[in-house]
Amino acid sequence: MIFTLNGQPATCDAAATARLSDVLRETLGLKGTKVGCDAGDCGACTVLVDGMAQCACLIPAARIEGANIETIESQTPLLTRLRASFLRHGAAQCGICTPGMVMTAADLLNRTPHPTPAQVETALGGVLCRCTGYRKIITAVAAANTAGIEPVFIGNSVGQPIPRLDGAAKVAGDCFGADYAPVGALIVKAIRSPHPHATFVIGNLADFKARAGIAAIFTAPDIPGRNAFGVIPAFADQPAIAASPARFRGECVALVAFEPDADPDISDFPILWTPLPPHTSPAAAEAENAALIHPERPLNCLIEGRVQKGNAAFALAHSAHVATGAITTAFVEHAYIEPEAGAAWMEGDTLVLRACTQAPYMDREDTAAVLGLPPTRVRIIPSAVGGGFGSKLDVSLQPLIGLVTLKTGRPCRMTYSRAESMASTTKRHPAEIHGRIGCDAKGRITGMEFEGRFDTGPYASWGPTVANRVPVHASGPYLTPHITAKARAVHTHGPVSGAFRGFGVPQAAVWQETLYDELAEKAGLDRLEFRLLNALRDGDASATGQVMRSTGIAECLTALRPHWQRALAEAGPHRGVGIASCWYGCGNTGLPNPSTIRIGITRSGQVVLHQGATDIGQGSNTVIPQIAADALGLPLSALNLIGPDTALSPDAGKTSASRQTFVTGRAAHAAGTALRNAILRLANAGQDSRISLQDGMILIENGSIQRKINLSDMPDGTCGYALYAQETYDPPTRPLDANGQGSPYAVYGYGAQMVELLVNPALGTVKLLKITAAHDLGRVINPMLAEGQIEGGIAQGIGMALIEEYIPGRTDNLHDYLIPTFGDVPPIESLLIEVPDPEGPFGAKGLGEHVLIPTAPAILNAISHATGARITRLPALPHRVLEAMQKARP
Amino acid sequence: MPAYARPTDLGDALALRAAGYRVLAGGTDLYPAAGARLAGDILDITALADLDGLDLREGLRIGAATRWTTIAEASLPPALIALQQAARMVGGRQIQNAGTIGGNLCNASPAADGIPPLLVLDAEVELASTTHTRRVSLLDYIKAPRRVDLHPNELLTAIHIPVPALQGKSAFAKLGARRHLVISIAMVAIRLVTVVDRITEAHVAIGACSATPQRLPLVEAALHGATLTDAASRIRSDHLAALSPIDDIRATAEYRRTAAFELLRMALAEGWG
């Protein structure tokens, strides 16, 4: 083909009907164009064909003959402006959708240079984003052709809306898991179970292997180590490659490694399946005589967590008002736009894995165990991560590509298809929750009984964490003197349920926050005032008996009050307002979860921050350096970053549990402070001195006194640095006892959100008008990134509330599994509240998961306010809303 | 290696079709179902000038490979508003820039966005082969979900709207669980011809609520003679008895029946002035 590519003449050879996306990426090496679905559902691969935005995955290569193709690699003035605008407005988070967004925006701006927000929404409606909630993208595109003033940041960096430090790569098309391939890498494909539960017999592999292009085949017996991985070592139970029987649809049962140029066709892999009856629900799995998925786990119960304080039954019996209710929620798919992908190769004796992940050191442990290697022989290099939200905490392809490279000695790579990603990786636990909450005549909460059953799928994954975290948070951020809360994780043959933004707490919040509305009504109180009356205050004991401090929920509710009163006044027939709160403990539940940060200064005067907190879009590549720079007393621009890599940066723990800003941030603060102190000691200077770098020297000034440290005179010390500090922080917690009493978290974050919406009374459809979100961050490290977290979390909360339901085998694509689009996220106003926590760096608390928790219950409460309908099953699809409205009619 | 051809001459295309080539237009249905490349010998019809564009000289002829964006942005009589509205709701801009109206009719999903607006236009499809060209009404052409009256050697070349069907004004409404990129739970197309304020002709079609989208003669009869103001109130739910919706992941059958009725009443209630 002869064509024009990004303004230059280009030629290439490719199969006529190969997808243009593949040709661009594989033949021409332009990996900026991303592939999210291969079906035209996500728009990530959007390129311009003769100026028109099209999905490159739907275009046959032959059709580009003579055409003018523009990709994200193009350097035009318009694209430069768009990229700058995306950065300035915080419109890129993980960056996987960004190339498609930018190219689609370029098509729009070529037609309409100064679009309205509504025009942007319509024009970009074909591109999905899972991180941002779209609002900042709308702003960035609408403003791209308006001369913006590049902000200048001086002084302390904490508190400033600094554009993400890794942003330039994101808006240029970052290097994700599928975007790096070692020369000669084998292509790895997995054979997966088409049944939720089935025995299988693998046929004649010798014959299959004899065909051209197959380098190797591996099955369960080829696993050299322990064929069981799991994020919680004591529960590790999931085979990397399953032996018969397969226990869920999508489980890997064999691997085929193809030569790089072969057609990786596995359609007639010799395997004979015999389906067995599956447990399709926790109720079925708990039924009498139900077959056990793991013989050592009676009743198919993985674990039950509980919190028991006081006498809830007695308190409820003596309450003036009691609200009783039950809710059920669905499997929710993470639906990051980047399907799992990565590559493996050997460096000497070391197996190197470069893949998308949220937890490099945990990957190293799990992969090493499966492969029978000491962890020191495995190196994990996280690629840029195109969204994670919890699912990329568990290993996916790491042990698979590790096995292929270890056994063949050759580099390999693997990219999950969209269907594979959706079928084989973890989901949000479906929950069935019921119970009662009581209050006295004045509306003070007296007691709560809570019982939750969570469908955890066939393997443990994060089921134990969900079971433990949910009872701790079941009360919400309200003083609850008597509580009995139990949550159990039950094995089924559904998808593996794991971590998803909030670890079960969002499901519990749907139950508790909708019942609190009922209770407020019974007590005759305004719904916000009821929450404020009961809000945890400093000195109150939580459900686990922890004495609370830096408790910001009352401040969040108070900040919402004027908005609430305005919205109530504007409500009317079918227009409702809802509110819900959240609290969320940051870090592991009563278990250690240390982070370590290293900062060094080289003899040539380079300051190097080993920033090991994996940035999956949430912003730790920016927030952690901001904290470190201010602690050290140098401008942010002085820091050179080395990212997470088990060979280069110490363990900053996993990106989960809203812990990075708090835990790794504290380690960064400690390391920055330690290095500063070391410098001041060397100079014999006081704490209030100012330090700066100049031509390989450190300059220390205090008033008129000036001292210099000549770095080049110093020896290479630890890790090759002239000056060096490494600090570890582990949050002080007290483990939960048998009754769930203890101090499970050192820091909690708080928030409350208010939703205004319209319900169409004839169709049951919901139109969101505005969401106002007040979140207590302790100290706002970066307001732009914080707003990005809030808007993105709300978008996922909207999906969970209204549209998302993963049905195994039926919704393994992005047109049957619906996530919110541009038009589904209303304007969001963020109110950033600061109630500093002495334990957090500069007072900061976590935020990442908090932001999703109140959204769904606030939506349900607003629907109820608008119509009287009580929704008890998520998602609240139009037919369910209509049915509930019909039930609510007198 | 399978063959690929992208002829510019219709005769060449029909010859390849007769030789068993699979037809590729916008690719929005073929590629999602494919692996790394398309199976079989491929006839790419996007370079056939005869198949691209709209021609209003005698009724309206829409080339089968006309893309949704072209339809949405064309200057057309108000009878075509429903089709243009539907064109703006087929996927996102990327899909509208690639997907074709003919592809929508060949894929023939029960939820195909293009079909109800064409049904209210009394559309006919033009089917050509090396030996003959025939015209079939769209209603007869769609035989069952994803099954159409198209012989293996034929190519859908155009859609024809007869002159009388260009009268009046139309509207389209589509209901889904999210704003963009949505497969319909139910959709409605209406074309009304009025004299002063009175409806002299009503054409109503509903999609995604039966095996194939259908016209609703009882509704049309009920609307005949009504004024625009009382049109919505003329419709009773039993006028929609011919629908046979199903339960699926998007909605229940019962809800679809209700939604079709309500969508229809809403669409009748606004925008006809």
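Trainee: How many helices and strands does chain B have?

Mentor: In this predicted model, chain B has 10 helices and 14 strands.

Trainee: And what makes chain B as compact as a globular protein of that length?

Mentor: Set the two values side by side. The radius of gyration of chain B is 19 Å, and the globule rule gives 19 Å for 273 residues, so chain B counts as that compact. Along the principal axes, the C-alpha trace of chain B spans about 60 × 45 × 30 Å.

Trainee: What share of chain B counts as buried?

Mentor: Of its 273 residues, 54%. The cut-off for that label is 20 or more other C-beta atoms within 10 Å. As for contacts in chain B between residues at least 6 apart in sequence, 62% join residues at least 24 apart.

Trainee: Over to chain A. Why are helix 4 and helix 5 of chain A called roughly perpendicular?

Mentor: Helix 4 (residues 117-124) and helix 5 (residues 135-142) of chain A pack at about 110°, with axes 9 Å apart. The label covers 65 to 115 degrees, and therefore these two helices of chain A are roughly perpendicular to each other. Their crossing is right-handed.

Trainee: Which residues make the contact?

Mentor: Helix 4 of chain A brings A:Pro117, A:Val120, A:Glu121 and A:Leu124, while helix 5 of chain A brings A:Ile137, A:Ile138, A:Val141 and A:Ala142. By class, that contact has 7 nonpolar, no polar and 1 charged residues. Glu counts as charged, and A:Glu121 is in the contact.

Key. Residues numbered from 1 in each chain as written. Chains lettered and ligands numbered in written order. Predicted model: local features only at pLDDT ≥ 70, side-chain atom pairs only at ≥ 80, totals over all residues. Axes fitted to C-alpha atoms, helices over the stretch in contact; angles between N-to-C directions. Helix = DSSP H or I, 4+ residues; strand = E, 2+ residues; numbered from the N terminus. Parallel < 35°, antiparallel > 145°, perpendicular 65-115°, else oblique. Left-handed = near helix turned anticlockwise from the far one by under 90°. Contact = placed C-beta atoms within 7 Å. Rg over C-alpha atoms; globule rule 2.2 N^0.38 Å. Buried ≥ 20, exposed ≤ 12 C-beta atoms within 10 Å, placed from the backbone.
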